[in-house]
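Good morning, colleagues. Please look at the sequence and the structure on the screen while I speak.

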Amino acid sequence: MSEEVAFLGVGAMGGPMAGHLAAAGHKVTVYNRTSTKAEAWIDKHGGVWAATVDKAVGAASFVFACVGGDDDLRDVTKGEGGAFANMQPGAVFIDHTTTSAAVAREVADKARSHRLNFLDAPIAGGESGAQQGALSIMVGGDPDTFERAAPLLSVYGRSIQHMGPVGAGQLTKMVNQICATGIIQSLAEGLSFAEKAGLDGDRVIEVISNCSAASWQIGNRAKPMLERDFSAGGTVGLLHKDLGIVLDEAERTGASIPVVELVRSFYEKFVDQGDGNFDAACLIDLLDGRSGDA
């Protein structure tokens with residue numbers, strides 16, 4: 001069934017996701033803080049561009065957001081010009097932003113006060129997953145609301161799991177980021193070791209892709225690491241932000257995550273020198289001595 005939907009934030013991740021919704025026959029209105037990105041999206045996918053959030057959401061049964069972080073989510077949802085004051089009662093707001101669990105609960109409470117439904121639904125899979133419609137989506141919120149939203153999420157999600165109440169999606173995303181962090185760093189160390197030992201990097205990748213070290217990171221980041229190509233979409237700026245959220249939650253719960261602390265400090269080097277747009281494959285540069293000392 002075709003739905004009228006709004007998508008707030010059509011950047012590297014949100015743009016392809018909104019595009020899949022349009023291709024599936026849904027009527028999509030998009031809003032983006034940078035209007036040129038919204039206009040480019042319209043040129044590619046059709047649909048409607050709204051210059052403000054309130055104009056984007058008024059007719060939508062489902063409103064999706066994929067913005068920068070906690071404060072950005074607050075900005076697009078709250079106030080007279082925000083989404084919640086202008087959505088239809090009973091509509092569903094689905095947040096794909098990676099935020100803290102605390103802000104997900106805060107925003108969900110605000111949504112309920114406007115007689116709206118809210119799901120926190122962070123995503124994993126990178127730009128390629130968004131483009132291919134093969135994202136992993138971890139969802140927190142009311143089970144019935146999740147069932148309503150699931151057919152739309154399946155348009156661009158390959159793995160869609162309801163994880164529990166509001167905030168559970170964000171907490172699950174934190175687990176993903178914790179696990180991925182150590183793998184990316186160890187991959188950088190392994191490939192740097194291989195180069196210094198005089199091994200053929202391509203052949204090493206082929207072998208370890210079929211050994212116990214096999215992972216999504218090897219399939220997607222090993223070759224860019226060898227080629228020192230840091231142009232893909234998993235930017236250290238966003239990962240630095242995500243790991244800050246993880247560390248705050250770990251402090252609250254008493255969890256010990258020393259690898260995350262270490263690797264976030266490495267990401268910080270790139271952010272501080274103005275290279276926050278590099279893909280996380282750039283961690284190998286630290287081992288080369290090109291971006292400071294690891």
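Predicted model: local features only at pLDDT ≥ 70, side-chain atom pairs only at ≥ 80, totals over all residues.

Residues are numbered from 1 along each chain as its sequence is written, and side-chain values use heavy atoms, leaving out hydrogens and water.

A nonpolar core is a set of buried Ala, Val, Leu, Ile, Met, Phe, Trp, Tyr and Cys residues joined through side-chain atoms within 4.5 Å, where buried means under 20% relative accessible area with a 1.4 Å probe, protein chains only. The largest such core has 30 residues, and Leu 191, Met 225, Tyr 267 and Leu 283 touch the most other members. Two or more residues come from each of α8, α10 (216-227), α11, α12 (258-272) and α13 (283-288); these helices are DSSP runs (H or I, at least four residues), numbered from the N terminus. The greatest contribution, 6 residues, is that of α11.

A second, separate core of 28 residues has Val 5, Leu 21, Val 28 and Ala 121 among its members.

A cavity is a set of points on a 1 Å grid over the protein atoms alone where a 1.4 Å probe fits but cannot get out, and lining residues have an atom within 4 Å of a point. Which helices each supply at least two residues of the lining of the largest cavity? They are α8 (168-196) and α11 (236-253), and α8 provides the largest share, 4 residues. The lining includes Thr 98, Gln 170, Lys 173 and Asp 242.

Methods. 1 Å grid on protein atoms, 1.4 Å probe; cavity = no way out; pocket = protein on both sides within 12 Å on 5 of 7 lines; lining within 4 Å. Buried < 20%, exposed > 50% of the residue type's maximum accessible area, 1.4 Å probe, protein only.
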